[in-house]
Amino acid sequence: MSLTEPNHRRLSGCLPDVDALKPRTTNPRSHSQKQIAQIANAIRRFGFTNPVLVDDANGIIAGHGRVEGAKAVGLDQVRRSVCLT
């Protein structure tokens, strides 16, 4: 079975604009401003090391806090994000 068959999604790298990403309203996790600041400090210190998982409609599946941290740092794009296509 090939991952390129029409009924199968593939992972591919992309760099979506941070402002284009849409948080899920049903996201079960929330982050305090203190946590967002800690994430932003980690991004400044180590870079963007853990990708954000994004669907084909730019909806955030996982990584809401990282996206907020990236915005706090002033990143225009989320580095090393992964999109399902």
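How many salt bridges does a search of the whole structure find? The answer is two, bearing in mind that this is a predicted model.

## The salt bridges

Arg-24 bridges to Asp-55, with 2.2 Å between the closest N and O atoms. The two residues are 31 apart and link distant parts of the chain: Arg-24 is in the loop between β1 (11-14) and α1, while Asp-55 is in the loop between β2 (53-54) and β3. Arg-24 counts as partly exposed because its relative accessibility is 36%, whereas Asp-55, at 12%, counts as buried.

Glu-68 and Lys-71 meet through their side chains at 3.5 Å, N to O, and both belong to helix α2, three residues (about one turn of the helix) apart. Glu-68 has 34% relative accessibility, so it counts as partly exposed; Lys-71 is partly exposed too, at 37%.

## Helix α2

Helix α2 covers residues 64-73, and His-64, Gly-65, Val-67, Gly-69 and Ala-70 are its buried residues. Among the things covering them are α1 (33-46) and β3 (60-62). Just past the helix, Gly-74 adopts a positive phi of about 95 degrees.

## The largest pocket

The largest pocket comes in at about 180 Å³. Its lining includes Asn-27, Arg-29, His-31, Gln-35 and Ile-39, along with Gly-63, His-64 and Arg-66. Two or more lining residues come from each of α1, β3 and α2, and α2 gives the largest share, three residues. By type, the lining splits into six polar, three nonpolar and two charged residues.

Note on methods: Residues are numbered from 1 along each chain as its sequence is written. This is a predicted model: local features need pLDDT of at least 70, side-chain atom pairs count only at pLDDT 80 or more; totals for chains, interfaces and linings use all residues. Side-chain values use heavy atoms; hydrogens and water are left out. Buried means under 20% relative accessible area, exposed over 50%, partly exposed in between (1.4 Å probe, protein chains only). Helices (H or I, at least four residues) and strands (E, at least two) are DSSP runs, numbered from the N terminus. Contact means heavy atoms within 4.5 Å. On a 1 Å grid over the protein atoms alone, a cavity is a set of points where a 1.4 Å probe fits but cannot get out, and a pocket is an open set with protein on both sides within 12 Å along at least five of seven lines; lining residues have an atom within 4 Å of a point. Grid points are joined across faces, edges and corners, and a volume is the space filled by probe spheres set on the points. Ala, Val, Leu, Ile, Met, Phe, Trp, Tyr, Cys and Pro count as nonpolar, Asp, Glu, Lys and Arg as charged, and the others, Gly among them, as polar. A salt bridge is a side-chain nitrogen of Lys or Arg within 4 Å of a carboxyl oxygen of Asp or Glu.
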